[in-house]
Amino acid sequence: MTTLALSGSFVIACLLLQAAAPAAAQETIFYKCTDAQGNVTVQNGTPCAAGMKQEIRRVGSAPTVPVPVRRAPEPEPVPAPPAYGEFVLVSGPNMARKPAPEAARLPPPPPLFQCATWDGHTYYG
């Protein structure tokens, strides 16, 4: 990158920092360092090494943004119990219990049909 391009970007960065509203009381200092071969570096807050040409640019305070506050996660709503329609929930493998009286009024379950697949396997549907 050429010295002219670095200088131009340095000036633009300084102008952008000056345009921002000050949020803290600390001043920002940029150091433009040029070594014996003409290589240019720009450093923020750290002076140039010994033997380098140094230019100092003071820019007001750099704006800062406060750390966002972490909100507590909202508790998940309690799901509503499922609607069972006209079915009555009875015990499964525990047959020692008697079925609910409502179960006696329900119609009998539909009959099962034995079906055959094209390859000769049977199943109930």
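Strand β1 (residues 28-34) and β2 pair in the antiparallel sense over five bridges. Strands here are DSSP runs of E at least two residues long, helices are runs of H or I of at least four, and both are numbered from the N terminus. Two strands pair if DSSP finds at least two bridges between them. The model is a predicted one, in which local features need pLDDT of at least 70 and side-chain atom pairs count only at pLDDT 80 or more, while totals for chains, interfaces and linings use all residues. Residues are numbered from 1 along each chain as its sequence is written, and side-chain values use heavy atoms, with hydrogens and water left out.

The pair belongs to an open sheet of three strands, ordered β2-β1-β3, with antiparallel pairing. Because β2 (40-44) and β3 (53-59) stand at the edges with a single partner strand each, one side of each is left without a neighbour in the sheet. From one strand to the next, the twist averages 20 degrees; such angles run from 0 to 180 degrees between N-to-C directions, along axes fitted as lines to C-alpha atoms, for helices over the stretch in contact. As a bit of background, strands of a sheet pair through backbone hydrogen bonds, either parallel or antiparallel.

Back at β1 and β2, the hairpin they make has five residues between the strands, and Gly-38 takes a positive phi near 95 degrees there. Thr-34, found in strand β1, stands opposite Val-40 in β2. Thr-34 has 19% relative accessibility, so it counts as buried; buried means under 20% relative accessible area, exposed means over 50%, and partly exposed lies in between (1.4 Å probe, protein chains only). With neighbours within four places in sequence left aside, Thr-34 is in contact (heavy atoms within 4.5 Å) with Asn-39, Val-40, Met-52 and Lys-53.

Next come the cysteines. A disulfide is counted when a pair of cysteine sulfur atoms lies within 2.5 Å, and by this rule there is one disulfide. It joins Cys-33 to Cys-48, with 1.7 Å from S to S. The two are 15 residues apart and the pair links distant parts of the chain, with Cys-33 in strand β1 and Cys-48 in the loop between β2 and β3. The link of Cys-33 and Cys-48 is left-handed, at -85 degrees about the S-S bond. Both Cys-33 and Cys-48 are buried. Cys-115, on the other hand, has 27% relative accessibility and so counts as partly exposed.

Of its 125 residues, 10% count as buried. The accessible surface comes to about 11,000 Å², and 63% of that belongs to carbon and sulfur atoms; the areas come from the Shrake-Rupley method with a 1.4 Å probe, and for residues only the protein chains shown count as cover.

As for confidence, pLDDT is the predictor's own score for each residue, from 0 to 100. The protein averages a pLDDT of 75, and 67% of the residues score at least 70. Over residues 20-24 the pLDDT is below 50, and this stretch has seven contacts in the model beyond near neighbours in sequence.
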